[in-house]
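Student: Hi! Could you walk me through this one, starting with the pockets?
Tutor: Happy to, let's have a look together.
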Amino acid sequence: MNGQISIIIPVYNRGYCLSRCLDSVLNQRYTNWECILVDDASIDDSLQICNLYLKKDSRFHLTAQPENAGVSVARNQGMELAKGEYITFIDSDDWVESDYLFFLYQAVGKDTIPLCGMSVHDSSGVFKYSHEIEDKTYRLDDGATEFLLEHLISGFIASPTSRLYSRGIIEEYHLRFQPGINWGEDLIFNCTYFKYIDNIRCMATPLYHVVKQDDSLSRQRQSQQYSCDLSLLDDDMKIWHGIDGFLKEKGICNKKMNRFMQWYYIFLHGTLLSFLYTKPIVPAKTRFHFVRNVIKNLDRDILNVTVLFRLRLPVRYYLIYYRMPLLLWSLYELKLMVKKGTHRKMFHS
C-alpha cells in the first residue's frame, strides 16, 4: 500500500465552509492520499460541492447516504471504503495545515499513534485557544498518567481528528464507532484503539484547526437532558467503562488514576442531574422519578467513600452516593426556586 493515507470526511450541511476544508486537503505536502467524502443526506449544497472536488482531483471519492444516520455511521462507512495503510478523520467544518499529513506520517511507527496539536476556533473562524501538548512520546503505562489525566479532561484524547490510525489494527480488531450514542462515541473508539498500541507520539505544532459550531452534539445532548432522557446515563456509563477497560488493559491502575476514575464516575451522575435543572421542562414529580432512577443506577462497588471524602465534593455527590433521592430532589428543587425568585427580582427591577 506504500504509505497511502485514507482521509475520511463526514459531511452534513456544511456547504458554507466545506471548500475551506477540502482546499486544505488539496494543498497537502504529502501527496499519497485518498479522500473519502461521506455525505450524510445533506439538504444544502454540500453534495454539489463534493462533486466539484471529484472533478478537480481523482483522489477524492464520494459516497452519499440515503438518509441522515449520524457522524458515527458516516465514519464507519468511510472506513469500509478506505484502502490506505493509515486513516485520518477530518471534520467538514475544520481545516488542516499543508504539513498535516507529512508530519503525521513521519511520526508514525509500529504500535504508535501520532497526534499533533490542535487549535480551536469559534463558528466565525476566530481563534479561541489551543490544546497544547509537548513534543514527546508517551508509553501507555503508569508513566503516561499525567498526560492522560490532563487530556481526558480537556477532551483532546477524545477527538478522532489530528491523528493517524493504522488501518491494519482497525480491521484486525474490527473497530468501529458505536452508532446511536448521543456523545462520547469518539472517546470510546479511541480507548478501544489504545488497547492495541503501546505508544502515543505527540507533536506540539497545531496542524489541525477545529471549529466549534453552535449546533454541536453537546447542545443537542443538553436539550435531551432537559426532558429526563435516561438513555444518556447509559451513554455516560459506556464512556466510563470504555476508559476503565483501556486503563485496566494497560495496567494503568495507580492511586491518582483510580481516584480520577471514581470522581469521574460520580461526576457523570451529578452532571446529568445538574443539566436537568438548568432548564427544566417537565413537572416536579417527573423530575423526582428521574433523580431516583439516576441514583438507583449508581454502582457503589465502583466507589470508595474514603476517596469521595478526600475529594471534598459538593453535598449533592454524597446524597447520590448514599442514595437519598428525596433529599437530593429537595435540594435541587430549592435551588430552582431560588433561581426563579432571583430572575423575577431582576425582571421587575
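Tutor: On a 1 Å grid over the protein atoms alone, a pocket is an open set of points where a 1.4 Å probe fits, with protein on both sides within 12 Å along at least five of seven lines; lining residues have an atom within 4 Å of a point. This is a predicted model, where local features need pLDDT of at least 70, side-chain atom pairs count only at pLDDT 80 or more, and totals for chains, interfaces and linings use all residues. Residues are numbered from 1 along each chain as its sequence is written, and side-chain values use heavy atoms, with hydrogens and water left out.
Student: How much space lies in the second largest pocket?
Tutor: About 160 Å³, the volume being the space filled by probe spheres set on the grid points, which are joined across faces, edges and corners. Its lining has 15 residues, and those closest to the centre are Gly 109, Lys 110, Asp 111, Ser 166 and Ile 169.
Student: Now the rings: how many aromatic pairs are there in the whole structure?
Tutor: The search finds 23, counting Phe, Tyr and Trp (six-membered ring) with centres within 6.5 Å; planes under 30 degrees apart are stacked, over 60 edge-to-face, the rest tilted. One of them, Phe 89 with Phe 177, is edge-to-face at 5.4 Å centre to centre and 85 degrees between the planes.
Student: Are those two buried or exposed?
Tutor: Phe 89 and Phe 177 are both buried (under 20% relative accessible area with a 1.4 Å probe, protein chains only; exposed is over 50%, partly exposed in between).
Student: Which residues do ring pairs link into a cluster?
Tutor: Phe 89, Tyr 165, Phe 177, Phe 189 and Tyr 193.
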